[in-house]
Amino acid sequence: MILLAPAAGTDPGRVLVGLLFLGSSMHVAATGWFYTLPEIRSHARARLGRYATVPLALVAGTAAVAAALPESAFRWALYAFFAWQFFHFQKQNLGMAALAASALRAGSLSRAERAAVVGTGVAGTGALLARPDLLGLHDARLAWVFPIACAAFLAGIGLGLHGLYRRGSRPPAFVAMYLGSLLFFTPVFLLDAPYAAVAGLILAHGLQYLLIVGMVAVTPRPGGGPLGVATMFAIALAGGFLLNLASHLHGSPHAWERALYGAFLGVTMAHFVIDAGLWRLREEFPRRFLTAHLPYLLKP
């Protein structure tokens with residue numbers, strides 16, 4: 001991805017734009033496919049707050065705020081959005097590392113190993129917000145955060161490496177997944193071009209998500225297999241197309257178009273909320289659901 005990234009201020013090109021569509025809009029829209037599964041709908045009905053009320057409130061609220069505020073004012077709120085988005089990225093990385101540990105019988109992640117991944121994610125997110133040029137944000141004068149984020153990132157890496165050294169089992173595939181999670185935000189600290197520093201993070205996150213959802217979709221069951229993958233892909237493609245259209249309306253002079261942009265942000269945040277429930281493996285339903293569809297990822 002870094003090799004494909006153009007210099008700042010230049011056209012990203014069709015290949016990079018297509019990859020980013022796959023890793024951003026399509027992966028967000030793919031969450032809608034879960035609502036086609038009877039067991040997910042049953043689980044959601046018992047928890048309407050997380051799976052219906054909060055997502056709808058996020059979409060309606062951000063649409064209303066985006067329509068009411070001019071773009072110059074609304075862009076300041078994007079700091080909160082991006083902070084949540086990139087922390088969500090790192091939480092997924094933590095989940096993938098935990099699944100790798102389980103699938104490869106490497107033992108559960110220790111508290112220190114988990115804290116290291118979360119810590120480097122927080123540090124990386126802080127570094128991004130301290131460099132608003134990477135995200136196209138107004139300068140909030142947070143440059144002072146960057147050296148603190150650098151120190152925290154290095155400390156997190158040290159803690160994670162220490163945890164790896166202390167564990168009894170270190171299968172190479174698990175080590176690769178854990179180090180990928182731990183070092184995920186490295187480009188933010190080393191690169192200056194926005195696409196080089198950020199696009200790889202977006203693509204890696206989106207492809208991880210589409211891979212795991214696709215693995216669930218292809219599981220042999222009524223409505224699964226090739227039909228399940230085709231349904232998931234159709235929902236992701238159609239929804240991703242609509243989200244991508246709305247994502248470019250932030251500078252519109254028309255309030256209704258800015259509302260669509262706000263709704264795009266709200267749908268993305270709803271995706272954060274829904275996924276945080278569906279993949280929280282400390283809870284019974286996500287473990288039961290994943291064990292039923294992908295038992296080799298959650299070996300006892």
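I started with helices α6 (residues 145-166) and α7 (residues 172-182), which pack at an angle of about 165° with their axes 10 Å apart. Helices here are DSSP runs of H or I, at least four residues, numbered from the N terminus; axes are lines fitted to C-alpha atoms over the stretch in contact, and angles run from 0 to 180 degrees between N-to-C directions. Angles over 145 degrees count as roughly antiparallel, so α6 and α7 are roughly antiparallel to each other. Their crossing is right-handed, meaning the near helix is turned clockwise from the far one by less than a right angle.

Next I listed the contact (heavy atoms within 4.5 Å): α6 brings F153, G156, I157, G160, L161 and L164, and α7 brings F174, V175, Y178, L179 and L182. By class I get 9 nonpolar, 2 polar and no charged residues, with Gly counted as polar.

A note on the model: it is predicted, with local features needing pLDDT of at least 70 and side-chain atom pairs pLDDT 80 or more, while totals for chains, interfaces and linings use all residues. Numbering runs from 1 along each chain as its sequence is written, and side-chain values use heavy atoms, without hydrogens and water.

Then I turned to the second largest pocket, which is lined by 33 residues. K91, G95, W279, R280 and L281 lie nearest its centre. The elements giving two or more residues to this lining are α4 (71-103), α9 (194-217) and α11 (255-278). I noted that α4 gives the most, with 12 residues.

How values were computed
On a 1 Å grid over the protein atoms alone, a cavity is a set of points where a 1.4 Å probe fits but cannot get out, and a pocket is an open set with protein on both sides within 12 Å along at least five of seven lines; lining residues have an atom within 4 Å of a point. Angles under 35 degrees count as roughly parallel, over 145 as roughly antiparallel, 65 to 115 as roughly perpendicular and the rest as oblique.
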